[in-house]
Amino acid sequence: MKKALEHSPTKERLIEAAERLMLAKGYEATSVEKICRQADLTKGSFFHYFGSKEDLARVVLDRFVSTRFQAFQQAPFLKKRDPLQRVYGYVDFAIELSRNPQAINGCLLGNFAQELSHTRPKIRSRCAHHFVQWADALRQDLERAKAKHRPKTAIDAHSLAEHFIAVMEGSLILAKANQDMKVVEKNLSHYKRYLKSLFEG
């Protein structure tokens, strides 16, 4: 019986190794053998916890998203009382995270969505679910900002939230292609200026 729900140091080593490799190399280029080698474990240890590489990848994806969500939930900008300032702070915090040298590997959620949507329907479904949750988290403060500040033109908070995701994920693709994370900061700053033109311009 697989023990995918069991917590253990061995399982964590497998998850961490898989995340590092899948971020750097992609899903298809990351074999079970490479994961075990990176974690310094045997294939027997792998199959004790996971029935397949895809089973592990879904766990890795969910944890990757959860970790990023928690980082935003604990960020200082959430203490701001004004919802519009929280939205600006959200964008600023994303810029701050993009300055981490490890960010050049991109976002596992976006990477999986691009690589696996046509070949791994279960992973595609998880990606879609996480994108919906991501957009909804930002949408809530955009709705509150819309109610409080009355933007100069009609806006769709959900569309604006998805616009942020598109800018973020697209910028990460460009950053990887050019090996330059500054493009992320440039494009997110442009998005912030666009928001200000809607609410303050």
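K34 touches L21 and A29, leaving aside residues up to four places away in sequence; a touch, or contact, here means heavy atoms within 4.5 Å. The residue lies in helix 2 (residues 32-39), where helices (H or I, at least four residues) and strands (E, at least two) are DSSP runs numbered from the N terminus. K34 counts as partly exposed because its relative accessibility is 38%; buried means under 20% relative accessible area, exposed over 50%, and partly exposed in between, with a 1.4 Å probe and protein chains only. From C-alpha to C-alpha, K34 sits 8.8 Å from A17, and the two are 17 residues apart in sequence.

This is a predicted model, in which local features need pLDDT of at least 70 and side-chain atom pairs count only at pLDDT 80 or more, while totals for chains, interfaces and linings use all residues. Residues are numbered from 1 along each chain as its sequence is written, and side-chain values use heavy atoms, with hydrogens and water left out.

Stepping back to the whole protein chain, there are nine helices and zero strands. The C-alpha atoms fill a box of roughly 60 × 35 × 30 Å along the principal axes. Of the 201 residues, 43% are buried. Among contacts with a separation of 6 or more, 69% link residues 24 or more positions apart.

Now for the inside. The largest nonpolar core holds 65 residues, and F112, F164 and L188 have the most contacts inside it; such a core is a set of buried Ala, Val, Leu, Ile, Met, Phe, Trp, Tyr and Cys residues joined through side-chain atoms within 4.5 Å. Helix 8 (residues 157-178) gives the most to this core, with nine residues. As for F112, its contacts are M22, Y27, A57, L61, S117, I123 and C127, again not counting residues up to four places away in sequence.

Helix 8 packs against helix 9 (residues 182-199) at an angle of about 160°, with the axes 8 Å apart; axes are lines fitted to C-alpha atoms over the stretch in contact, and angles run from 0 to 180 degrees between N-to-C directions. The pair is therefore roughly antiparallel, a label for angles over 145 degrees. Residues of helix 8 at this contact include L160, F164 and V167, and they meet a set in helix 9 that includes V183, L188 and Y191. By class, the contact has 15 nonpolar, three polar and no charged residues; Ala, Val, Leu, Ile, Met, Phe, Trp, Tyr, Cys and Pro count as nonpolar, Asp, Glu, Lys and Arg as charged, and the others, Gly among them, as polar.

Note on methods: Angles under 35 degrees count as roughly parallel, over 145 as roughly antiparallel, 65 to 115 as roughly perpendicular and the rest as oblique.
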